[in-house]
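Try each task before reading its solution.

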Amino acid sequence: MDKLIPDCPYPGCFFCVMKEGNPNKRRTSIMKFFRELPSQDDDGQVLPISGLWNTAMAHPNDPEFIELGIFECMAALIWKGLKNRRWLSHDQNIYIPYYAAHIIGSYTMNMEDFAETAVNAGVIPPLVELLRGRLTWVEQRVAVRALGHLATYASTFPAVASHGEILELCIQLAMSSLEIVYSHFYQYADRRLSYHCDLLTRGMGGVEMESRKAEEWASQLQCWSLQLINCFAFKPEFISTICNPEFLVKLPGMWGGLVNENSPAGIGLLRTICHHKFGRGPVSSCPSVIEALCNIARSSDDWQYMAIDCLLWLLQDPNTSHKVIEKAAPAVLDLAEISTLGDHKKLGDSILNVLQECIQSHGTGRNSISNRIKEDVEEILHSKERFKWEKSMPKEDLHIKQAAALVVKLEGNSLFSSGNISGAASKYSEALALCPVRSKKERVVLYSNRAQCYLLLQQPLRAISDATRALCLHNPVNRHAKSLWRRAQAYDMLGLAKESLLDAILFINECSQSTDPDLSSRQNKVPDYAERLVKKQMRAAWLFREAAVKHGGIDCEADVGDAYGQGTDDSEWETASESDAGNDGRKERSNDDDEWKNDEGIADKIDKHSTRGSSFGCLSFT
């Protein structure tokens with residue numbers, strides 16, 4: 001029988017064909033459908049294409065359609081949409097090039113033999129035309145996705161690379177994608193193309209959902225462009241093109257946002273570049289990139305290890321070491337007490353070995369290392385020796401050292417509570433010198449307390465260094481709540497919104513799981529001061545912020561509340577210090593005995609020393 005459903009008005013209907021019980025007839029009919037579809041102009045073509053789109057996403061490894069000509073069909077449909085604008089604007093055909101490119105990407109993301117079939121079917125040229133922007137950014141997104149999958153495999157990468165313009169197009173798209181989506185879609189809700197809105201929300205949401213999905217898709221457009229560039233970056237012959245200075249300096253800022261946190265984005269590409277000796281030279285010549293790598297290496301970013309790898313490779317290379325060591329060495333030294341980070345075992349030892357090799361290789365010539373760096377390395381090496389020495393010490397002697405460190409720490413707490421912040425910092429330094437290296441919990445507290453002192457002394461770089469050391473010593477790594485909060489504030493002082501945001505979010509997560517009464521006293525409610533900082537940094541790190549400023553969506557100096565869709569009144573943006581301050585800008589001291597903690601710590605008098613614009617919250621010392 002020709003049709004399974006007698007009353008179907010469409011001869012050769014795809015959905016009827018799929019219900020054919022005879023396998024041979026079914027295959028023959030599907031093959032005929034794929035062969036004839038691009039030449040037909042009937043209404044309703046989008047329905048079978050959307051069905052194929054669903055099937056491709058649900059069963060991307062199923063070979064049936066691959067063998068029957070789906071790639072030839074999809075390539076022909078994209079060409080038809082590009083060349084025949086009258087057909088494209090008829091019925092719902094505007095959706096078809098998007099679905100066709102998406103289907104190609106879905107069927108090629110896992111299986112190399114499917115990718116080879118797709119290349120032989122001629123899918124690359126029409127995908128390149130979509131990548132050029134011949135239609136809209138929505139089709140660019142699925143084109144770069146599909147090309148990225150094809151470039152992943154050794155057997156199909158040459159076919160992608162043979163189209164020389166692909167790499168340049170992706171570089172430009174990675175730099176401009178956020179602005180394109182903002183100006184062509186996000187900025188003016190009343191000018192949005194209806195088919196864009198339908199694709200974004202599947203008809204299930206209004207303007208607010210469209211805006212949220214547009215941010216997610218914009219991030220994907222950028223991240224998938226970077227993923228495709230990354231495939232080229234594994235080949236030395238393309239490194240010089242990728243290492244365009246304008247592109248390099250923007251890479252660290254391409255981070256995917258919170259909506260695409262599973263992509264390593266810019267830092268992933270930088271890691272691939274730094275793995276090549278030809279790439280390390282251009283990277284080492286960009287001071288802003290090195291500074292950004294140092295910030296990411298110290299951060300709680302999921303891709304922290306990638307930044308560490310970059311810095312270590314740059315330090316090991318004799319051609320780049322002298323350019324980066326003054327910035328890179330302090331950053332990796334703060335990480336020298338990490339034992340394990342992900343798959344990196346004995347990371348701290350690796351860092352020290354690299355720095356020792358640098359010191360030995362640089363000697364005393366023009367490229368010699370500063371005494372400060374040498375002293376810092378020696379200090380860490382000395383602590384390693386102390387650790388070995390302490391193993392053979394009698395327990396009584398260790399207890400004496402611990403008790404002495406505790407006494408000095410309490411003296412620091414007392415100085416802090418009386419307002420002598422510099423004196424308190426000195427006492428914590430003295431306590432660190434006394435505290436046994438194996439007493440990691442105590443050293444975490446001392447580093448974290450000293451970080452708080454540096455915050456109040458307006459020394460954010462030193463605060464970040466100490467908070468990072470506390471987080472490295474903590475078990476698990478990067479999960480000490482108070483150090484996360486202090487580092488978040490220090491990053492805020494430096495205007496590093498992304499780093500501050502990530503630490504503040506982790507701090508909130510730790511608060512929700514903490515047994516510390518100082519953190520969990522609100523019955524797992526997010527502390528107000530943390531909520532304020534997160535909101536502030538989400539606006540400052542907003543994916544579309546730069547585009548919005550450029551296109552007049554927000555004032556350069558203004559908050560992005562309205563553009564972000566979450567306008568607030570000014571009172572919400574009071575910092576903790578402002579809302580608690582008295583007329584003279586200082587919080588009045590309480591005489592309540594229970595406010596001052598003994599061995600468990602004393603309450604931070606942060607507001608007494610904070611300045612306007614800092615988002616300090618009250619956490620007690622321990």
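Two residues are in contact when heavy atoms of theirs lie within 4.5 Å. Keep in mind that this is a predicted model.

**Exercise 1. The overall fold**

Task: Find what share of the contacts with a separation of 6 or more comes from residues 24 or more positions apart.

Solution: Begin with the inventory: the chain holds 35 helices and 2 strands. Next, look at burial, where 53% of the 622 residues count as buried. Now turn to the contacts with a separation of 6 or more: residues 24 or more positions apart supply 68% of them.

**Exercise 2. The nonpolar cores**

Task: Work out which residues touch the most other members of the largest nonpolar core.

Solution: This core has 146 residues, and Phe247 and Leu293 are the ones that touch the most other members. Helix H12 (residues 165-186) contributes the most to this core, with 13 residues. Then take Leu293 and list its contacts beyond four places in sequence: Ile267, Leu270, Val283, Ala307, Cys310, Leu311 and Leu314. Finally, a second, separate core has 23 residues, including Tyr428, Leu432, Ala470 and Tyr491.

**Exercise 3. A buried arginine**

Task: Determine what the side chain of Arg145 reaches at 3.1 Å.

Solution: First place Arg145 in helix H10 (residues 137-152). Arg145 is buried but has no salt bridge, and the nearest side chain of opposite charge, that of Glu216, is 11 Å away. The side chain does reach the backbone oxygen of His102, at 3.1 Å. Beyond four places in sequence, Arg145 touches His102 along with Gly105, Ser106, Met109 and Trp224.

**Exercise 4. Checking a helix**

Solution: Just after H26, Gln458 adopts a positive phi of about 60 degrees.

**Exercise 5. A loop serine**

Task: Decide whether Ser300 is buried or exposed.

Solution: Locate Ser300 in the loop between helix H19 (287-298) and helix H20 (304-316). Buried means under 20% relative accessible area. Ser300 has 10% relative accessibility, so it counts as buried. Its side chain makes a polar contact of 2.6 Å with the side chain of Asp503. Contacts of Ser300 beyond four places in sequence include Asn478, Leu484, Arg487 and Leu502.

Conventions:
Residues numbered from 1 in each chain as written. Predicted model: local features only at pLDDT ≥ 70, side-chain atom pairs only at ≥ 80, totals over all residues. Heavy atoms only, no water. Helix = DSSP H or I, 4+ residues; strand = E, 2+ residues; numbered from the N terminus. Buried < 20%, exposed > 50% of the residue type's maximum accessible area, 1.4 Å probe, protein only. Lys, Arg positive; Asp, Glu negative; His and termini not counted. Salt bridge = Lys/Arg side-chain N within 4 Å of Asp/Glu carboxyl O. Polar contact = N/O pair within 3.5 Å; in protein donor to acceptor, adjacent residues only side chain to side chain. Core = buried A, V, L, I, M, F, W, Y, C linked by side-chain atoms within 4.5 Å.
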